Amino acid sequence: MFEDRALLARLWREEIDRFRDTHRESERLWREASAHMPDGVPMLWMAKWPGPWPVFVERADGAHFRSVDGIDHIDLCLGDTGAMVGHAPAAAVAAITEQLQRGSTFMLPTVDASAAAALLAGRFGLPSWQFTLSATDANRALLRYARQVTGRRKVLVIDYCYHGSVDEAFATLAEDGAVVPRRGNIGPPVPLAETTVVVPFNDVPALEAALATGEVAVVLAEPAMTNIGIVLPQPGWHDAVRAACDRTGTVLILDETHTLCAGPGGMVARDGLRPDAVVVGKTIAGGIPAGAYGMTAEFAERARTSLELEDIDVGGVGGTLAGNAVSLAGIRATLSEVLTADAYPAMIERAAEWTAGVQSAIDRHGAPWQVTQLGARAEYSFLPRPPRDGREAAEADDFELQQYLHLHALNRGILLTPFHNMALMSPATTAADVAAHTAAFGEAVASLYA
Ligand code: PMP
């Protein structure tokens with residue numbers, strides 16, 4: 001915990017004043033928008049940006065966007081991975097536009113669907129794919145299939161995970177080990193302990209004990225945690241998870257929505273992981289809505305044969321616009337022309353530069369913080385050493401300190417991912433973009449620890 005709260009409060013007020021002075025047009029639009037949208041935003045989490053109102057975007061290109069206030073920003077948030085490919089990538093925009101002109105949604109497959117599925121199969125080594133409009137929906141579908149084929153009820157998730165708005169995943173462990181809803185969980189449909197088992201990340205004995213009960217249908221996990229800061233897997237964790245799932249007949253889903261930053265086939269391909277199913281989403285269609293899940297031949301067959309054709313439209317897995325022609329055109333173009341294997345080395349190199357820059361500022365000023373890199377993404381946390389699980393990461397959270405650092409960056413034309421201290425590199429992010437962040441971050445740390 002940063003101790004000098006009076007200093008932090010003074011610095012925060014200075015940044016708020018600076019923001020107010022320089023974001024008048026955003027303020028005007030936000031006041032107008034507030035007439036018909038709670039907090040003036042189209043989705044409630046957009047109210048959580050630091051500052052009195054959100055910045056309104058005018059246009060974006062590559063790793064930059066321009067606000068209606070006439071300010072150019074280096075975008076290290078990139079739509080929290082939705083725009084990891086960079087804003088408006090030309091090849092994806094061309095394919096999407098072209099498909100839009102030929103019709104967008106038919107409830108029938110197009111040739112792009114099989115091409116997109118084949119591209120994903122090649123990357124992740126899983127042969128069988130389905131498409132949704134979001135990663136959330138892909139997760140929801142797989143949880144249903146896993147319960148269906150195993151005949152078991154419970155979902156195992158990692159403490160402090162995030163997998164989208166998936167009811168079963170909003171669970172955490174109380175001090176006494178009970179499964180309880182996470183703070184802020186809006187209207188849970190049933191008590192979380194009825195649907196969910198929770199274990200800490202990297203805790204093999206807890207995972208093995210939970211699966212040994214035989215009540216768990218499915219393990220849903222990210223290969224590395226990315227939504228409570230970055231928490232990397234300890235050596236042996238993934239092998240132990242796979243072995244425990246094999247022993248107990250439990251389905252293993254790895255959610256690669258964020259960890260696609262690690263390489264063209266995510267951590268699954270990079271590290272040779274062997275899930276029964278994989279989830280991807282966000283950026284795969286170049287910035288328009290799309291999600292997908294891939295399955296082993298065996299899991300896909302079990303899921304398919306458990307269903308009657310007659311019931312397939314109302315079985316709980318669906319979405320009228322899922323698999324629409326525009327999303328599929330976007331996926332095909334993005335995977336084959338934008339987010340290619342060749343794009344990754346530079347993205348990862350930029351993240352390494354960002355990590356080195358941030359760590360050197362931390363060290364120079366003696367802040368008890370650390371940075372963790374995962375492929376094209378990196379994140380600092382207010383801990384002297386990398387966290388081992390979600391709880392350790394969560395306990396290091398300091399909301400006011402984080403808000404100050406984010407607003408300080410925003411006032412210097414740099415957008416960080418809200419809700420945590422993450423930076424993401426696109427193929428268009430340059431070394432100069434990273435250097436600008438390093439300089440601004442150094443100033444911010446100096447203001448706190450001078
Ligand atoms: N999985 C993970 C790991 C995520 O981080 C998120 C969103 N942050 C999702 C799934 C859900 O993505 P979406 O909100 O696009 O459905």
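Student: Why is strand β4 (residues 128-132) largely enclosed by the rest of the structure?

Tutor: This is a predicted model, where local features need pLDDT of at least 70, side-chain atom pairs count only at pLDDT 80 or more, and totals for chains, interfaces and linings use all residues. Residues are numbered from 1 along each chain as its sequence is written. Buried means 20 or more other C-beta atoms, placed from the backbone, within 10 Å of a residue's own. β4 is largely enclosed because the number of its 5 residues that are buried is 4.

Student: Which strand pairs with β4, and in what sense?

Tutor: Pairing requires at least two bridges found by DSSP. Here there are 5 bridges. The sense is antiparallel, and the partner is β12 (residues 291-295).

Student: How many residues of domain 1 are in contact with domain 2?

Tutor: The bounds, from an automatic or database domain assignment, are 5-84 + 342-449 for domain 1 and 90-338 for domain 2. Contact means C-beta atoms, placed from the backbone, within 7 Å. Domain 2 contributes 26 residues, and domain 1 contributes 22.

Student: Which element gives the largest share of the side of domain 1 that touches domain 2?

Tutor: β13 (370-374), β14 (377-381) and α13 (390-395) each supply at least two residues there. Helices (H or I, at least four residues) and strands (E, at least two) are DSSP runs, numbered from the N terminus. The largest share is 4 residues, from α13.

Student: Of the residues around the ligand, which come nearest?

Tutor: The shell has 14 residues. They divide into 2 nonpolar, 8 polar and 4 charged. Nearest come Ser134, Ala135, Thr136, Gly164 and Thr257.

Note on methods: Near = placed C-beta within 6 Å. Nonpolar A, V, L, I, M, F, W, Y, C, P; charged D, E, K, R; others polar. Contact = placed C-beta atoms within 7 Å. Buried ≥ 20, exposed ≤ 12 C-beta atoms within 10 Å, placed from the backbone.
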